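Reader: Could you walk me through this one? I'd like to take it a topic at a time.

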Amino acid sequence: MTLDELILGQAQELRRGTVVLACLALLDEPQYGYALLETLNNAGIAVDGNTLYPLLRRLDKQGLLTSEWNTDESRPRKFYRVSPDGSRVRAGLIREWQGLVASIAELTKESR
Amino acid sequence: MTASSLTERYVHEVVRWIPADQRDDIADELRATIADTVEARGATEREVLTEMGAPARLAARYADRPPALIGPDLFPVYKRLLVGLLSTVLPLVAAALMLLDIADGKSVGAAIGGAVTMVLTVGAQMIAWVTMLFALVERSLHRRGATARTRAWTPDDLPAPVQRERRGAATLTSAVWHALLLVLIIWQHVAKPYRLGDARAQVLDPALWSGWIWPILLGLAGIVALNLIQLTTRDWTVPLAAVHAAAHAIFALPVAYVLSRHMLFDPNVLTDFNGPDWKTPDAFYNVTALAVLAVSAGQAIKRFREARG
């Protein structure tokens, strides 16, 4: 395994948990799967559909998102948005994230 | 094959792995997503589906079910139970069955054959049932979101340290006992301690000295040597345990064979010893043979444990 591959693998581990927070942050406005994927990727959150779509359903099942089929357009799509529980979880995750950023910044002050 | 049926076939492959109540919903969403992706990227259906990968893998993500029968929470218990069953209960059952067979008047060979068959079938059953049980428990735990350990681990759960001195005493006893046996066999051969009328005779059948006694003596010598090695060395390794096991096999298998064929004792000595009215029963030979095998197997297994522990 080369150094680049190692960095890539570890970076993936780092990113894994952030997808949930990113979804919760973006879904104040209802969105459907592919549109959300695009928004995330454009925002620099690299995630593939195979991860995102099952994740959305899981968050829905946990009650952090609500979902609704929209049949107004030619193609019926399932729209997701954050539930009240989801907003509270989002607030908690944001606090956690900021704490982490501060801690890591403190820890890596020297080595940069 | 039209292009749209490619999506249909893919979606069908995905949802067939998913619980029935979610199938239609996931299928509808997948169709929409694939169509959206194709449209937005200007890619072909084939390209999009290739990128999405094997349907079974995607289904596993949707099903939110770990792609493992037994997860890390249950695996240690599973392994311990299986090893325990296979290494203690199974041999006990096999030994009991062998004794019953012999009590029924079957030969030792037939009894061993029956026991081997039984070990294979019952062993397979044990593995299968335990695995199935744990897979079911795993699945139900996962469904309830309760994959955390049922009981918190504490340092008290650490295995007790192996007691070197007790182990050393056992090894010394074994060395002395086997050395004694070795000396006894040679002594009775040389000294001919049994008085047969005016003549003197060996207790063991002299015919053994042109055959079976040699592996027995070799095995005994090996056992003594390895016990001494274990006493003096700090690292008792698995290869040494294997040699020790081989020595026990070289000793115990011929002894068991010779016993079961009633070839151990000098027939003249035996007749004189038993008197005219009594004949040593078959059960004596068979049970003794089994006991020798069991003790040797136990010793061999114990040394393997010590090598690993």
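Author: Gladly, with the caution that this is a predicted model. To begin with annotation, an unreviewed UniProt entry places the feature "transmembrane region" in chain B at residues 81–100, 112–137, 169–187, 207–229, 236–259 and 283–301.

Reader: Take residues 283–301 of chain B, then: how much of that span is helix, and how far apart are its ends?

Author: The span 283–301 of chain B is 100% helix and 0% strand, and its end C-alpha atoms lie 26 Å apart.

Reader: And what about residues 207–229 of chain B?

Author: In the model, residues 207–229 of chain B are 74% helix and 0% strand, with 33 Å between the C-alpha atoms at the two ends.

Reader: Changing topic, how many residues are in contact between chain A and chain B?

Author: On the chain A side there are 16 residues, in contact with 20 residues of chain B. The area buried between the two chains is about 1,700 Å², and carbon and sulfur atoms give 47% of that area.

Reader: Which element gives the largest share of chain A's side?

Author: That is α4(A), with 7 residues of the side of chain A that touches chain B. Both α4 (49–61) and β3 (77–82) of chain A supply at least two residues each to that side. Sorted by class, the side of chain A that touches chain B has 7 nonpolar, 2 polar and 7 charged residues.

Reader: One last thing, is B:T7 buried or exposed?

Author: B:T7 counts as buried because its relative accessible area is 9%, under the 20% cut-off. B:T7 lies in helix α1 (residues 3–15) of chain B.

Reader: What is B:T7 in contact with, leaving aside neighbours within four places in sequence?

Author: With those neighbours left aside, B:T7 is in contact with B:R31, B:I34, B:E45 and B:L49. B:L30, which is 23 residues from B:T7 in sequence, is 8.9 Å from B:T7 in space, C-alpha to C-alpha.

Notes. Residues numbered from 1 in each chain as written. Chains lettered and ligands numbered in written order. Predicted model: local features only at pLDDT ≥ 70, side-chain atom pairs only at ≥ 80, totals over all residues. Heavy atoms only, no water. UniProt positions renumbered as here; feature names shortened; annotations may be inferred. Helix = DSSP H or I, 4+ residues; strand = E, 2+ residues; numbered from the N terminus. Contact = heavy atoms within 4.5 Å. Buried area = accessible area lost by both parts, 1.4 Å probe. Nonpolar A, V, L, I, M, F, W, Y, C, P; charged D, E, K, R; others polar. Buried < 20%, exposed > 50% of the residue type's maximum accessible area, 1.4 Å probe, protein only.
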